[in-house]
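Please consult the sequence and the model shown below alongside the text.

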Amino acid sequence: MSTLPPCPACKSTYTYEDGSIYICPECAHEWSSAAAVAPVEQQIVVRDAHGNELHNGDAVTVIKDLKIKGSSLVVKVGTKVRNIRLVDGDHDIDCKIDGIGAMGLKSEFVKKS
């Protein structure tokens, strides 16, 4: 019994191989064998202080005064941050804050706007 991958478009199990590509007879989708072997990237799931899921490009509001290391500046409660970017690490969010600049925030100190 062959172990061909299911169709990524319609999930049909009736795929067949033609040279170096796979073909689905049900939806006529074609894909390369290299695409079938490539690992699926893992999505980063980041949640704010209230449990709402955050996505790239979201706007958030700071819920606690945050001191900035190496500076006398403070990010005040209620500061709105737009167009966030999610990253791996202990600081889940990369962003730019008006008047302060680029910095990393922890998701536990923000809420989704």
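**Overall architecture**

The model is predicted: local features need pLDDT of at least 70 and side-chain atom pairs count only at pLDDT 80 or more, while totals for chains, interfaces and linings use all residues. Residues are numbered from 1 along each chain as its sequence is written, and side-chain values use heavy atoms, with hydrogens and water left out.

**Burial, surface and contacts**

- Of the chain's 113 residues, 27% are buried, that is, under 20% relative accessible area with a 1.4 Å probe, protein chains only.
- Among contacts (heavy atoms within 4.5 Å) between residues at least 6 apart in sequence, 35% join residues at least 24 apart.

**The three-stranded sheet**

- Strands E10, E11 and E12 form, in that order, an open sheet with antiparallel pairing; two strands pair if DSSP finds at least two bridges between them.
- Its edge strands are E10 (85-86) and E12 (101-105), each of which pairs on one side only.
- E10 is joined to E11 (residues 93-97) by two bridges in the antiparallel sense, and Leu 86 stands opposite Ile 93 in E11.
- Five bridges connect E11 and E12, also antiparallel; the bridge partner of Cys 95 is Met 103 in E12.
- E11 and E12 form a hairpin with three residues between them, and Gly 99 in the turn has a positive phi of about 85°.

**The largest pocket**

- The largest pocket has a volume of about 280 Å³. On a 1 Å grid over the protein atoms alone, a pocket is an open set of points where a 1.4 Å probe fits, with protein on both sides within 12 Å along at least five of seven lines; lining residues have an atom within 4 Å of a point.
- Residues lining the largest pocket include Lys 64, Asp 65, His 91, Met 103, Gly 104, Leu 105 and Phe 109.
- E12 gives the largest share of this lining, three residues, and strand E7 (66-67) also supplies at least two.
- By class, the lining comprises five nonpolar, two polar and five charged residues; Asp, Glu, Lys and Arg count as charged, and Gly is among the polar ones.

Definitions and conventions: Helix = DSSP H or I, 4+ residues; strand = E, 2+ residues; numbered from the N terminus. Buried < 20%, exposed > 50% of the residue type's maximum accessible area, 1.4 Å probe, protein only. Points joined across faces, edges and corners; volume = space filled by probe spheres on them.
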